[in-house]
Amino acid sequence: MKLSSMPLLVAVPFADQGTKNAIPVESQIGITDGAASFTDGFPPLTMTPVVAGGIPPAGGDFNGILNAITQSVRWACAGGQYKYDDVFSTTVGGYPKGAMIQNPAGDVIWLNTVDDNNTNPDNGTGWIPAIRYGLTNIALAGSNVTLTPSQAAKETITLTGTLTANVQVIMPAWVETWLIINNTTGGFVVSVKTASGSGVNLAAATSSQIYGDGTNIYYGALMVKNNFAEIKAAGTNSQAAARGNIGCGTAATHDVTESPADSTAGRVLKTGDFGLGGFLSALSATNVTGFFSKGVGDAANPEPSQGYAHINLGVSGSYKTELAIGYTQAPRAFCRSYLNNVPTAWVELIGSNGGTVAGSLTVNGTLTAKGGVEVYGATPYIDFHFGNATGDFTSRIIETVSGKLSFLANVLFTKSVEINADGELIKLKNNTLGNALYIIARDADGTNKWYVGNGGNGSDNLTLSNYKAANAANTITFHEDGHVSIANFGGYAILNVDGAMSLSDYKYFDNRYNAKYVQNIQLGAQTNYTLPGGNESSWTYDAPAGCVLTGIVVQDTGQSSADNIGGVHVQPIQKNINGTWTTIAG
């Protein structure tokens, strides 16, 4: 069929002004002969020939029947709906599934969802609102309220009243949508749910679109007028999920700072706040952590004649540390602290003109000084912690006396050491009076080579030892009483002097060695030996032991004869030992 095939609208029921009988439902047989009823229609008597005793149908019945039918047709043509009728429902055995009837107020069309439904849709089951108009006002206080189907059938539900407790509004378990206007006061929570399902919380002074799925109640479309109040009322989890769905991070829950120095807790910084991410500005709030600048001429700078970039490290409203780095000259860095808002004097840290560190400075890495390193103090020192030892030190260089460095460690030189100075060059000093002092040389394998010093406590003897000598040690000792001794090997001491040995004082030498060694030699008294016979005699003479010939006697015998040897002179050889002259034995 087509829209153009719409039949004639029946605006006037048949026989509306004509003669017509009201057609009863009950049978009229035996009551009124020939009368029609909805139960029998025209009775058999009207179908019997008159000659056989029948009665013709009455025209009024015909008009009454057609009038009743066309009244319904006219109602349908007018778009009218029927209301629930208990008698009709009982008569027909209940309304069929899909039936649609109107509520008494005419603003709701109910749709039947089950067959043979005898319940009133305004308070029964099996009906859902198919077409609805208007609103329901529900007053709330401190108790839960269950809406009747008639109340829940309206599209808009307004909640009013002053709450004295959290309240639940129980909705039918329909697949339906509602607009809930929460006009309650009192500061308590209104939740909308089904009897056995879950629901949603509604913020006060908001309008919320909600829907049911037959089991639970959910938030529906957001209302522009609510400005996301539905999400707020849904709780923190829903709020976080909503922010995540639209790509908002955690900063979405915080306010933005209102000025470059706004230190309100929880606010989100903007680019440039406290000097971050932008150019430095002059901040008036100097007790907060941040970066700022103070230009040339500002008395708060370490040098008012220069501009400085400042770093504030705020601890509290009264305590902070402030760093200042120059930007209008060769950079210099200064530091000061604030105690009860009173600044200390600026202390220079690092700069092209040098700097001072007040306190300890720890460098986790290599510290390179392209120039000198100066250490100040009453007894300035440099400590070493081998292997990251946590004790006071493992080695120390310290100046305990002006101009003298003390090495509290063994010192190892792997290259030659040259000392250029006049006067005293090297001094050894023991820590404990009378204890040993010595210098020892070792080979690369750790074995001893030579030794100089006094190795025993309580001794002032100086010993020079060569550990590589053939006799395991070659030692010369300069004794504290002044004499020198050479180690005795095999019962004798060896002293080799290559060249002349000149002594300036022989006293000790004479006293020790005169009693043993010859100091001088001389000839003793002369004796004569006269030879026997004349020149014609032959003879032999041997000088006595320990004597030497010292002269000869020649006698002249005349011109015709050889000279005669008349005798010889003999003298003994004498030696001087320890001042005593003795004749040698032979």
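**Notebook: pocket, patch and salt bridges**

I began with Arg 396, which counts as buried at 12% relative accessibility. I use buried for under 20% relative accessible area, exposed for over 50% and partly exposed for what lies in between, taken with a 1.4 Å probe and the protein chains only. The model is predicted, with residues numbered from 1 along each chain as its sequence is written, and local features need pLDDT of at least 70. Side-chain atom pairs count only at pLDDT 80 or more, while totals for chains, interfaces and linings use all residues, and side-chain values use heavy atoms, with hydrogens and water left out.

**Entry: salt bridges**

I looked up the partner of Arg 396 and found a salt bridge to the side chain of Asp 392, at 3.4 Å from N to O. A salt bridge here is a side-chain nitrogen of Lys or Arg within 4 Å of a carboxyl oxygen of Asp or Glu. Arg 396 is buried, whereas Asp 392 is exposed, with a relative accessible area of 54%.

I noted the total under this rule: 9 salt bridges. Glu 176 and Arg 132 form one of them, at 3.0 Å from N to O. This pair links distant parts of the chain, with Glu 176 in strand β8 (residues 175-182) and Arg 132 in strand β3 (residues 127-132), 44 residues apart. Strands (E, at least two residues) and helices (H or I, at least four) are DSSP runs, numbered from the N terminus. Both Glu 176 and Arg 132 are buried.

I then checked Asp 443 and Lys 449, whose side chains meet in a salt bridge at 4.0 Å, N to O. Asp 443 is partly exposed at 32% relative accessible area, and Lys 449 is partly exposed too, at 30%. Elsewhere, salt bridges that share partners join Glu 303, Arg 332 and Glu 348 into one network.

**Entry: the largest pocket**

I looked up the largest pocket and read a volume of about 2000 Å³. A pocket is an open set of points on a 1 Å grid over the protein atoms alone where a 1.4 Å probe fits, with protein on both sides within 12 Å along at least five of seven lines, and a lining residue has an atom within 4 Å of a point. Grid points are joined across faces, edges and corners, and the volume is the space filled by probe spheres set on the points.

The lining holds 32 residues, and Phe 407, Val 411, Ile 426, Lys 427 and Leu 428 lie nearest the centre of the pocket. I asked which strand supplies the largest share of the lining. That strand is β22, with 5 residues. β20 (395-401), β21 (404-407) and β22 (437-442) each give at least two residues to the lining.

By type, I find 19 nonpolar, 7 polar and 6 charged residues in the lining. Ala, Val, Leu, Ile, Met, Phe, Trp, Tyr, Cys and Pro count as nonpolar, Asp, Glu, Lys and Arg as charged, and the others, Gly among them, as polar.

**Entry: the nonpolar patch**

I also looked for nonpolar patches on the surface and found one with about 1100 Å² of accessible area together, whose members include Leu 405, Phe 407, Val 411, Ile 426, Leu 428 and Trp 450. Patch residues have over 30% relative accessible area and no salt bridge, and nonpolar side chains (Val, Leu, Ile, Met, Phe, Trp, Tyr) are joined within 5 Å, like charges within 9 Å. The areas come from the Shrake-Rupley method with a 1.4 Å probe, and for residues only the protein chains shown count as cover. Phe 407, Val 411, Ile 426 and Leu 428 belong to this patch and are also among the residues nearest the pocket centre.

Ile 419, another patch member, sits in the loop between β21 and β22 and is partly exposed at 44%. Thr 432 is found in the loop between β21 and β22 as well, and it is partly exposed at 41%. From Thr 432 to Asn 457 I count 25 residues in sequence and 9.5 Å in space, C-alpha to C-alpha.

**Entry: Val 401**

Val 401 lies in strand β20 and is partly exposed at 45%. Val 401 and Ser 198 are 203 residues apart in sequence and 88 Å apart in space, C-alpha to C-alpha.

**Entry: positive phi**

I checked backbone angles and found Ala 15 with a positive phi of about 55° although it is not a glycine. Ala 15 is in the segment before α1 (59-77) and is buried at 17%. Asn 578, not a glycine either, has a positive phi of about 55°. I place Asn 578 in the loop between β30 (564-577) and β31 (580-583), partly exposed at 49%.
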